[in-house]
Amino acid sequence: MSDTTQTGPVLAADGTPLKRSLARALRMQKIRALMLIAPLLLFVLLTFILPIADMLFRSVENQIVSETLPRTVVALKDWDASSGETPDEAVYAALAEDMKIAAQAKLHTRVGSRLNYEKPGISSLFRKAGRKVKKWDIENDGPFKEKFLDLHKGWGDPDVWRTIQTYSPKFTNGYFLNAADMQKGADGAEMRPENERIYWTLFKRTLFMSLVITTSCIVLGYPVAWILANLPSKSANLLMILVLLPFWTSLLVRTSAWKVMLQQQGVINDTLVWLGLVADDARLVMINNQFGTIVAMTHILLPFMILPMYSVMQTINPTYLRAAKSLGATNWTSFWRVYFPQSVPGIGAGSILVFILSIGYYITPELVGGTKGVFISNRIAFHISTSLNWGLAAALGAILLAVVLLLYYAYDKIVGIDNVKLG
Amino acid sequence: MALTPVTPQTPAFTAGTAAAFGAFAGLFVGTAQGSGLMGIVLGAVILAILGAIAPMMAGKDKPVRWAVFFGFIAAGYAFGGIPAAVVGGIFGAFFGWLIFFVASGRYRESLAPYLTPGQVLWHYAFRVICGVIFIFLITPILVVMPLSFNSQDFFTFTPEMLQFKAEGYSLKHYRDFFTNDDWQNALRNSVTIAPVATVLSVGFGTLAAIGLSQPHVPFRRAIMAILISPMIVPLIISAAGMYFFYSRIGLQGTYLGVVLAHAALGIPFVIITVTATLVGFDRSLTRAAANMGANPVTTFFKVQMPLILPGVISGGLFAFITSFDEVVVVLFVGSAGQKTLPWQMFIGLREQISPTILAVATILVVVSIGLLATVEMLRRRSERLRGISPT
């Protein structure tokens, strides 16, 4: 009886206060859970998050200029770019010394091509100078200003020096400016001339086509999801296979199928010609343009729209619809005012998913998009593997990533990542 | 819905409905033969006559349907040989069924009795729309399969194929796939990369999924967001990042690099499927096991593992197909030595377009049908194990 009247803290069996004992047990549970997650988290961080962070770093990194031309960068610091005059002899002497070291290590062409992204023509300037400077005697061969001007009159162009000066810091926003169709002019950032604004056009096109694809997925997916959710489960399961089979089929199989069907000598054109709807010499051009990309990608992404819609529609009680009708609503009113609002979460989930997936698509636009139907991803790939301008590729990637992460955040808020379902 | 009265329709109604279908079909046949208008009129007239006869022949469905079927085949053959006869057969079978379906009034059988004619029409129109979308979904796959048996190097149906002549078909593209060194190397690479990547993602992923489904996990949302991110981040960005980073640490162009990259891409699928399975897992089972003296390891392998195994396997299959189908990342992270099957297909589609791709595509479709069937079976089994009746 005395126990119940005790006023002190409740004790656990081992004599510690119950509160602390429970807290310790909870902590143990948390640690155990984290220990189970830790290996995978570490794995993902190392193989996936770190590479992406590295890419983001690359989009602002610019150490090559100050590392290869250290003396020139220091000497150029005091030069006034807006004066319109070439720098003085000290700068040329520093450049000669840097260039000689760089040319011996064969690094001068790399600086040249780095600066060439910003001002076309610099690359050849560096390449030619490197060959000659290697033979110069830095101690006695001065003054170097005339010697450089003799090599190429480009070395007397203040714009060249301004470019070197602008890109001498260790970090730069130059790649991002490039990605936004801007350049560093004489007085700060400015837009490029109208006819050189390719990235803005590409971003606009990517967004526009992703929107068209998402909309056509909604239009095609909604009836299918509805019929799947409202048929008796036996026939719904059978029809579900028709949705899941394309979902499980290799992306390249589906892309090649569309290539086969949409070609000018392909199945669709042949059928239309056979039916007489299209003349043999006026076959439709359905591939290597925006139309081809939109059709193929709508087909590829349609299951991602149908599955979330279906799982939401399954939970809508059909009696609501009957109740609305028995209260006098027409077919359309009962659908629009009762059924549709309940299915909106499914549309939202599917749309964000399809939009996220389509905005970063690479393979299908590459194969069926031609030149007019390519996305920003294709440009990124081009810069990585063909033009080798990795910084610009990283900057374009960073912008795309920011858009996707924003949508991912919205998806998490609206649907919750935990609720993603597969099949 | 047995309350719905099924009353036979009048000949006029049946004839009218059938005529509308006939006109539609006639439009296509007519344009193919040169005159769309003639086709519409003829199709409407023929079907109207058939539709008018059908209600009078009630009860004698079978012979009439066979007669219509063979009649159309004969007409098709007279017009344009074997291909037209096949088309005629399809039309005949459909129209034979249609006239009796309408004439007997059976079309109202499964509908609520109070529907107006307009609503009945919409009901069937809606099914037709859905049917068209389903055909859109499945056609590309259905077109690829027969084309892969083409005996010519064309990507379309040759006249021989349409006339069902034996010389129009051959297995030469399959032979090419099994004898060509490029394709065989690619197949070998795919088969050696995908399983290792799968084992990695399933091993780490299952452990983490079990951790994530504990009742108290700090930063659960943030961790989940990180673990799912490989599925969300555009592949080209993952590929770019991995390419830059892996070339810094010397993994670019190595087998290990590709395996690690594919394992990272497969992890979200394992996490999603296994956590979904664990939602229905009864925790008192592990407590009961512990109560009877089993240590955590025994509990895991003897109690928990068998119950969540279906989820783990289907997660593994998802991870496998992700790696097996992946092309963007391997294009950048791999080198010529890691050329996988999708990579080879990608090159084939972009540069030297060869019909062998269609043979490979058919084989891959068959593989994915097998995987889909396995996953579906496992899902049902898992639901049965957890006491959720299959829906």
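Residues are numbered from 1 along each chain as its sequence is written, and chains are lettered from A and ligands numbered from 1 in the order in which they are written. Because this is a predicted model, local features need pLDDT of at least 70 and side-chain atom pairs count only at pLDDT 80 or more, while totals for chains, interfaces and linings use all residues.

Chain A contains 20 helices and 2 strands; here helices (H or I, at least four residues) and strands (E, at least two) are DSSP runs, numbered from the N terminus. Its C-alpha atoms fill a box of roughly 100 × 100 × 35 Å along the principal axes. The radius of gyration of chain A is 32 Å, whereas a compact globule of 423 residues would have one near 22 Å. This radius is taken over C-alpha atoms, and the globule rule is 2.2 Å times the number of residues to the power 0.38.

UniProt, in an unreviewed entry, lists residues 203-411 of chain A as "domain: ABC transmembrane type-1". Such positions are given in the numbering used here, feature names are shortened, and annotations may be inferred rather than shown by experiment. In the model, this span is 79% helix and 0% strand, with its end C-alpha atoms 21 Å apart. The unreviewed entry also places the feature "transmembrane region" at several stretches of chain A, including residues 235-253 and 344-363. Residues 235-253 of chain A are 89% helix and 0% strand, and their end C-alpha atoms are 27 Å apart. For residues 344-363 of chain A, the values are 85% helix, 0% strand and 31 Å.

Chain B has 15 helices and 0 strands. Its C-alpha trace spans about 80 × 55 × 30 Å along its principal axes. The domain assignment of chain B gives domain 1 (11-114) and domain 2 (180-385), with bounds that come from an automatic or database domain assignment. The centres of these two domains of chain B, taken over C-alpha atoms, are separated by 51 Å.

The contact between the chains takes 81 residues from chain A and 79 residues from chain B; two residues are in contact if their C-beta atoms, placed from the backbone, lie within 7 Å. On the side of chain A that touches chain B, helix α2 (residues 18-58) of chain A gives the most, with 21 residues. That side of chain A divides into 57 nonpolar, 16 polar and 8 charged residues. In this division, Ala, Val, Leu, Ile, Met, Phe, Trp, Tyr, Cys and Pro count as nonpolar, Asp, Glu, Lys and Arg as charged, and the others, Gly among them, as polar.
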